[in-house]
Each structure stands twice: as structure tokens, then as C-alpha cells.
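User: I have a model open and want to go through some packing details. Can you take my questions one at a time?

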Amino acid sequence: MTTRLLIIEDDASLNQMLQLHFEEQGFVVEGTARCDEGLERIRAAAYDLLLLDQKLPDGQGIDLLRQIGEESLNQCVIMITGQHDLELAIEAIKLGAVDFIHKPIKLGELRHVVERVLENQRLAREVKALQSERPEPKSHQELIGRGEAMLQVSKEIALSAGSNATVLITGESGTGKEVVARLIHNHSGVPGPFVAINCAAIVDTLLESELFGHEKGAFTGASERKQGRFELAQDGTLFLDEIGELAPALQAKLLRVLQEQTFERVGGSQQLRTNARIIAATHRDLFAEVAARRFREDLAYRLKVISIHLPPLRERLEDIQLLAEALVERIARKIHKPVAQLTDATLAALKAYDWPGNVRELENLLTQALVHARTDVLTPDLLLFPQSNQPGPQATSANTGAGTPVERTLDQVEAEHIQRVLEYTRGHKGNSCEILGISRPALDRKIKKYDLTLP
């Protein structure tokens with residue numbers, strides 16, 4: 001991680017000594033001797049930490065601290081002074097300084113204070129990230145499967161975790177793309193949090209604010225400054241789910257962040273830096289989207305530095321039993337019922353189904369079965385498959401639509417699957433969103449896009 005430090009100190013030798021000391025610690029350090037120049041730099045770009053002297057040639061450090069607060073520059077400041085003035089220390093803390101150091105400076109003491117302040121910053125970001133999104137239980141972060149396909153995915157996770165390169169995870173909805181992203185993060189050993197955002201679940205007008213944050217008064221309803229996901233994911237991982245749904249204007253802004261590691265909040269001009277590792281996921285073929293002029297080619301290449309493809313469940317039937325048993329155990333704990341056994345006939349029925357909703361649909365189906373079970377055995381009659389897609393040979397011919405499965409486009413497959421889910425839930429949009437793993441606005445957009453009908 002790179003920490004940016006600004007030192008405002010008019011003692012040239014002390015300023016230079018502090019710069020050299022923190023540069024040796026791996027910081028990116030800038031120095032100045034004046035209030036006006038320091039304020040100009042802070043307005044232009046945010047720093048992780050500011051060391052601010054009290055007596056400067058063109059003013060008092062305490063006045064600069066007050067101005068930083070009045071302009072809501074959100075700057076972390078440690079005050080430095082040669083005076084042992086208790087009133088000054090109290091005033092500085094009230095104005096937002098995180099600590100107060102006296103001269104002559106003891107480098108060991110200063111380094112301890114700086115480390116503590118930076119650690120508190122990291123913990124505060126992590127708390128905000130957890131508040132903005134409930135973390136997945138540990139059991140939901142496991143990658144289950146012993147087949148060759150999942151073994152290859154596991155190898156890719158291990159290789160990806162060892163670098164900071166951008167990762168693109170592809171695969172149909174419900175295959176576990178977020179699980180893979182979390183595993184990469186967990187095995188990377190980075191100190192920051194895992195922050196996720198679904199680009200299809202938030203309307204475009206709000207998504208920019210969610211990603212980059214906004215300043216107070218930036219738009220109607222912006223009553224206070226808000227940190228975006230890029231800030232919350234500092235020193236950690238930002239997972240951009242359904243990246244293929246990103247609007248063109250936001251694609252351009254994301255490209256700039258990936259290229260320069262800088263961005264501004266909505267309504268702000270201060271440059272903020274990010275070192276968050278980016279992992280993106282999509283069920284679409286991004287380069288087909290590029291060919292259709294719906295996605296930027298340069299952004300697609302930026303995202304696909306490392307690529308991991310998750311196979312659909314119908315292509316890894318050898319994992320059905322292992323998955324089903326693990327899911328039944330998890331679901332039973334969740335709904336406070338005893339773990340049920342799967343009969344051979346039940347497993348055969350599960351393996352005969354084509355699983356358009358993949359692992360997410362399998363979990364939902366088993367949840368329904370466990371809820372309805374009256375004994376500790378799950379029999380085939382408890383598996384409430386959608387009527388239009390019953391397992392067995394007849395399902396193959398009934399669902400080919402305008403052509404064989406390999407001749408259909410992704411949009412055709414998606415439209416057919418959403419229609420099946422709507423029929424399965426009898427038009428209940430809330431239940432449909434849960435099965436599909438998308439938001440209500442996203443479902444409404446897809447119903448309109450594909451001209452689907454509600455039962």
C-alpha cells in the first residue's frame with residue numbers, strides 16, 4: 001500500500017529530515033513551508049496524512065486546520081508545535097486534529113503516532129464497508145466441487161491471489177462468481193476490506209455516487225459527504241458485479257480510475273487516490289458487447305488482465321451430490337431443522353435437471369424441499385421443479401425454442417430463463433428477484449427489454 005504524506009513545516013532542515021525518514025518507510029512524501037501552498041495542494045489532491053506546524057511564515061497552523069474543516073476537505077491532521085500550550089492542543093483536537101506532537105520531535109514517538117492514526121483510518125473504512133453491506137457467512141464463501149472444472153478454477157484463484165492484477169470472472173448467473181472473488185481477496189492477505197457492488201442493481205444516476213462518493217450539496221438529497229466504494233475498499237478489494245451492465249458514461253470514468261488510480265467525488269474537485277484491487281464479474285461476453293458497441297473495448301482489456309470462467313452447473317454434474325449435501329447442511333442450520341438425507345432417486349432427479357439458475361437455483365430448490373419435508377429424508381416428490389422445465393428427456397425438446405441451445409444468443413437464453421422463473425413464482429417479483437439474484441429495478445428493465453409476460 002502507498003501512503004501519501006504532506007509535511008507543512010517552515011524549518012527547512014526538520015522538513016527535509018522528516019521527508020527522508022518517511023520516504024525510507026515507503027511513504028510518498030511532499031513538503032512545503034507555507035499555509036497557502038499547503039492549502040492549495042490539499043484542495044487539489046487528498047493525502048492520507050498531514051503533518052502541520054503551528055507557526056508558519058504566512059499564518060498559524062491552527063487557522064489552516066480551521067479552514068480545512070470549514071471547506072470539508074476531510075484531511076487527517078497531526079499538529080506539530082514548539083509550544084507546550086494546553087489551550088492550543090485542546091483547540092486543535094476540537095477542530096479535528098487526530099493528535100498533537102511537541103518539538104523537539106522524537107522520531108520513534110512520531111512513527112508510533114502515525115502508525116496508530118493510519119491503522120484507525122483503515123479500521124474506520126472497514127467498519128463503514130461492513131455497514132454498507134452485510135458480509136456473507138463463512139459457509140457461503142466456500143467453493144464446493146471436486147471435478148476437473150472446479151479444480152482448474154481453484155488453481156486460477158490461487159494464482160490470482162498472488163498478484164494485484166485486475167481479474168474478470170465470467171459465468172452464468174448463480175454460478176458463484178462472488179464466492180470466487182471473496183476467495184481471491186481472502187487468500188491475497190491484503191489488510192483492507194472486501195467491498196462489493198452490483199452494477200445492475202442500482203440505477204445509473206445513483207451508481208456514480210455509490211462508486212465514487214459525493215460531496216455535501218452535490219445533488220438534491222446529498223445532505224452530507226458520502227464515501228464511495230472506491231474509498232471504502234482502500235487497501236482491499238472492490239468487486240464490481242455485473243460489470244457488463246455499466247452505463248457508457250460510467251465506463252469512461254471507471255477506465256480513468258483503472259489507468260490513473262485517481263478519481264473525484266460527485267460534486268467535488270479534490271483528487272482522491274485508490275489502491276483497491278479490482279475484481280469484476282459478468283454473465284455476458286464483454287467482447288461481444290464491444291462488437292455491439294455497448295461496452296468500451298479499452299475497458300474490456302483493462303478488466304480482463306486475468307480471466308476466470310465458472311462453468312454452469314449442467315457442465316459439472318459430478319459435483320451435484322457434494323453440492324447438494326453441503327447446501328442441505330447449510331440450509332438446515334439456517335431454518336433450524338435437522339439435516340435431511342438425499343435418496344438415490346432424489347440425486348438422480350437433481351442430476352437430470354439442466355439448472356438454468358445454477359447453484360443459486362439448486363439452493364432455492366433444496367430450501368423449498370427442506371421446508372416441506374416431514375421426515376429427515378428428501379424424496380424426489382419434494383423437488384418442486386418449474387413445470388416448464390421438468391427434468392428428463394422431454395425437457396430437452398421442450399425448451400429449445402427457436403433453435404438448439406448452442407444456436408441461441410445469450411439474450412435469448414436469459415429471456416427464456418427469466419420467463420421460466422416468473423412462471424415458477426407465479427409472477428411474484430420479489431421471489432423472482434431472489435432466485436435470479438437481481439434487484440427489482442433490474443428485473444423490471446429485463447421484463448421490458450425482452451417483452452416478458454407476468455402469469
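User: Are Phe22 and Phe27 buried or exposed?

Analyst: This is a predicted model. The cut-off for buried is under 20% relative accessible area. By that cut-off Phe22 and Phe27 are both buried.

User: What kind of aromatic pair do Phe22 and Phe27 form?

Analyst: The structure holds 9 aromatic pairs. In the pair of Phe22 and Phe27, the ring centres are 5.3 Å apart and the planes are at 50°. Stacked needs under 30 degrees and edge-to-face over 60. The Phe22 and Phe27 pair is therefore tilted.

User: Which residues form one aromatic cluster with Phe230?

Analyst: Rings pair if their centres lie within 6.5 Å. The cluster with Phe230 is made up by Phe212 and Phe263.

User: How are H3 and H4 oriented to each other?

Analyst: H3 covers residues 61–70 and H4 covers residues 86–94. Their axes are 10 Å apart, at an angle of about 15°. Angles under 35 degrees count as roughly parallel. H3 and H4 are therefore roughly parallel.

User: Which residues make the contact of H3 with H4?

Analyst: H3 passes H4 in a left-handed crossing. By class, the contact has 4 nonpolar, no polar and 2 charged residues. H3 gives Ile62, Leu65 and Arg66, and H4 gives Leu88, Glu91 and Ala92.

User: What is the relative accessible area of Leu365?

Analyst: Leu365 lies in helix H15, residues 358–372. Beyond four places in sequence, Leu365 touches Leu350, Trp355, Leu383, Leu384, Phe385 and Tyr424. Leu365 is buried, and its relative accessible area is 4%.

User: How far apart in space are Leu365 and Leu382?

Analyst: In sequence, Leu365 and Leu382 are 17 residues apart. In space, C-alpha to C-alpha, the distance between Leu365 and Leu382 is 9.0 Å.

Conventions:
Residues numbered from 1 in each chain as written. Predicted model: local features only at pLDDT ≥ 70, side-chain atom pairs only at ≥ 80, totals over all residues. Heavy atoms only, no water. Axes fitted to C-alpha atoms, helices over the stretch in contact; angles between N-to-C directions. Helix = DSSP H or I, 4+ residues; strand = E, 2+ residues; numbered from the N terminus. Parallel < 35°, antiparallel > 145°, perpendicular 65-115°, else oblique. Left-handed = near helix turned anticlockwise from the far one by under 90°. Contact = heavy atoms within 4.5 Å. Nonpolar A, V, L, I, M, F, W, Y, C, P; charged D, E, K, R; others polar. Phe/Tyr/Trp six-rings, centres within 6.5 Å; stacked < 30°, edge-to-face > 60°. Buried < 20%, exposed > 50% of the residue type's maximum accessible area, 1.4 Å probe, protein only.
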